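Please read each one with the model open beside it.

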Amino acid sequence: MSTKVTTTDLPHHLKPEEISATNIPTSEFSQKTILDILNTKCHTSWQHLKQAHAVILKSGHFQDHYVSGTLVKCHANSRFSNFELALKVFNSVHKPNVFVWNSVLRACLEHNEPWRVISLYSEMVGVDSKPNKFTYPTVFKACSITEADKEGVQVHAHVVKNGLCGDVHVKSSGIQMYACFGCVNKARQILDDGSKSDVICWNALIDGYLKCGDIEGAKELFKSTKDKNTGSYNAMISGFARFGRFEEARKLFNEMNDKDEITWSAIIDGYTKDGYYKEALEVFNEMQRDKIKPRKFVLSCVLAACASLGALDQGIWIHDHVKRNSICVDAVLGTALVDMYAKCGRLDMAWKVFEDMKMKEVFTWNAMIGGLAMHGRADDAIELFFKMQREKMRPDRITFACVLSACAHAGMIDRGLQALTYMQQMYGIDPEVEHYGCIVDLLGRAGYLAEAEEVISSMPMEPNAAVWEALLGACRKHGEVEFGERLGKILLEMEPQNRRCDDVAKMRKLMKERGIKTNPGSSMIDVNGVIHEFRTGDGSHPQVKEIYLMLKKIIEKLKMEGYSPNSSQVLFDIDEEEKETAPKYHSEKLAIAFGFINTDPGATIRVIKNLRVCEDCHSATKLISKVFKRDIIVRDRVRYHHFRNGKCSCNDFW
């Protein structure tokens, strides 16, 4: 190991005048002055750090371990991307003491090098440099991240040997490590070892129980914790939310007096991930009333909720908030904005955000390509895919799923089959169920039902219900009743609790007899920042009388233009008169009628539907857009339909 580093080892050779830029003779720099400069001037300025490094070398302070250890920390600062230089500095220190070792261990952990932490710790022990209480939390965390259970047990033995079991920071990190390994009993032994335990230790074990799925154990420990703090509540709220136990999560949330940003994040993130989008927005609005400034993570979660609900007004407010507060739009937040605008029907704004983003990751490109695909802009989606490759961004399996989806929506059979081959041959990505599902959907929509079934038969894995359902939808579209009946039986056998089988009357009747719940159609519309939800035949809305009266007027006008409700897809076990009435009151028609009442004349109406748009509603909405001169955008579970002047963006290929 070398014992000296020169100025030429720095990334830039420094001239003498740069070394003395502060006009202070280097001999007059004391250890305290050097440390003050490193700790106050060198965290944000690379130029200052270069000068300080040179002064340290020239003044002979480099072999002062506190100086060299602090220099390692400064070079490891994520602002400078100098991690390798930090390691080089460390390797140049002669017989580093524990402070220097701790500095490099923390630097490795901060730079996502946990295995290097374990390796260096082993080296540290090998040269008889005695670890202290600041060493072990870093090493325990590295073992947790890498799931290095054997190494973790050995490190714990060193803690016992060195008499550091009583330190609460070491203790809490040990509890966290064993909990990550799934060894909650061992974690509990550490808590109950007779030495002092603070609330951080208790919180670590509460979180450990929750991570291992032992909710009752966590609840019992939480109740017995005497000195609960905000972290105690946050651990329980996060855990309850993770397991979908939102009543308990919300109860604790409402009990808290001192909520911090993590508290709000935990409940909002939990609601969003579990599909409770309205509740997520309600909590976010409450957060605003309490004047809590949301950070980027919360904003990304809320944008995801806005995207799912079609809550464009709320999404625009968040975007404005980002601009007003000069919040840096990184890849995560920028992608959330792109996704929100695309899913709320504002593809123009999604594109603007995408183009303005300085930092793009593969998931950013995927969001934009997927947005274009959903809007039927297949050519643009494919062009963006090629641009992505030109900019040296490697596509992943989600990228190809988006491209295949674009081909399916546009009926591009050749392009779709080429993309499937391309992902294997060019990028070595083996197609998964979702990719085969897109090909089945593509062939089925185009009427190649036998070919689509052949693709299913050739899949190297078991097809899931979604793949069969794509083919079933094609049977409905092309009137293949017998084929559809056979597929309906397959679906019923696979997942009877989830299957709608709305294309086969016999399957519907059988499901009724078995008491199987079907997925009811629902539609949502955002008016003035408030989400209104409707179900087929819904009578619960406060404006129900006005809505049905408006819908009656709309239907009467449509009938004058030749419209007749299409009951061919209404396959409930009902009589013909009910069949004729049912499609009139499908959820999207109710949402559109509500939009007519509550928006300005000529305003675009945006509706989100949880199922595919049926043939009757598709035809009726095209006619509504023409008769009433309204742009109507309907996002169903598969794609967007932009209705204008009697035409749809899908060109009736949906």
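1. In this predicted model, Lys95 sits in the loop that joins α5 (83–91) to α6 (98–110). The phi angle of Lys95 is near 45 degrees, a positive value in a residue that is not glycine. That deserves a second look, because most residues other than glycine have a negative phi. Lys95 has a relative accessibility of 63%, and since the cut-off for exposed is over 50%, Lys95 counts as exposed.

2. A second residue with a positive phi is Asn528, where the angle is near 55 degrees and the residue is, again, other than glycine. Asn528 belongs to the loop between the strands β1 (522–527) and β2 (530–535), and its relative accessibility of 70% is why Asn528 counts as exposed.

3. The strands β1 and β2 are part of an open sheet of six strands, which run in the order β2-β1-β3-β4-β5-β6 with mixed pairing. Which strands stand at the edges? They are β2 and β6 (647–648), and because each has a single partner strand, one side of each is left without a neighbour in the sheet.

4. Within this sheet, β4 (residues 632–635) and β5 (residues 640–644) pair in the antiparallel sense, over four bridges. To find one of these places in the model, look for Arg635, whose bridge partner in β5 is Tyr640. Helix α34 (residues 615–627) packs on the sheet and touches β4, β5 and β6, while its direction makes about 35 degrees with that of β5.

5. Leaving aside residues up to four places away in sequence, Ser265 touches Phe297 and Val298.

6. Helix α14 (residues 230–242) and helix α15 (residues 246–255) pack with their axes 8 Å apart, at an angle of about 155 degrees. Angles over 145 degrees count as roughly antiparallel, and α14 and α15 are therefore described in that way. The crossing of these two helices, α14 and α15, is left-handed.

7. What does each helix bring to this contact? From α14 come Tyr233, Met236, Ile237, Phe240 and Ala241, and these meet Phe246, Glu248, Ala249, Leu252, Phe253 and Glu255 of α15. Sorted by class, the contact of α14 with α15 has nine nonpolar residues, no polar ones and two charged ones.

How values were computed
Residues numbered from 1 in each chain as written. Predicted model: local features only at pLDDT ≥ 70, side-chain atom pairs only at ≥ 80, totals over all residues. Heavy atoms only, no water. Buried < 20%, exposed > 50% of the residue type's maximum accessible area, 1.4 Å probe, protein only. Pairing = 2+ DSSP bridges. Contact = heavy atoms within 4.5 Å. Axes fitted to C-alpha atoms, helices over the stretch in contact; angles between N-to-C directions. Parallel < 35°, antiparallel > 145°, perpendicular 65-115°, else oblique. Left-handed = near helix turned anticlockwise from the far one by under 90°. Nonpolar A, V, L, I, M, F, W, Y, C, P; charged D, E, K, R; others polar.
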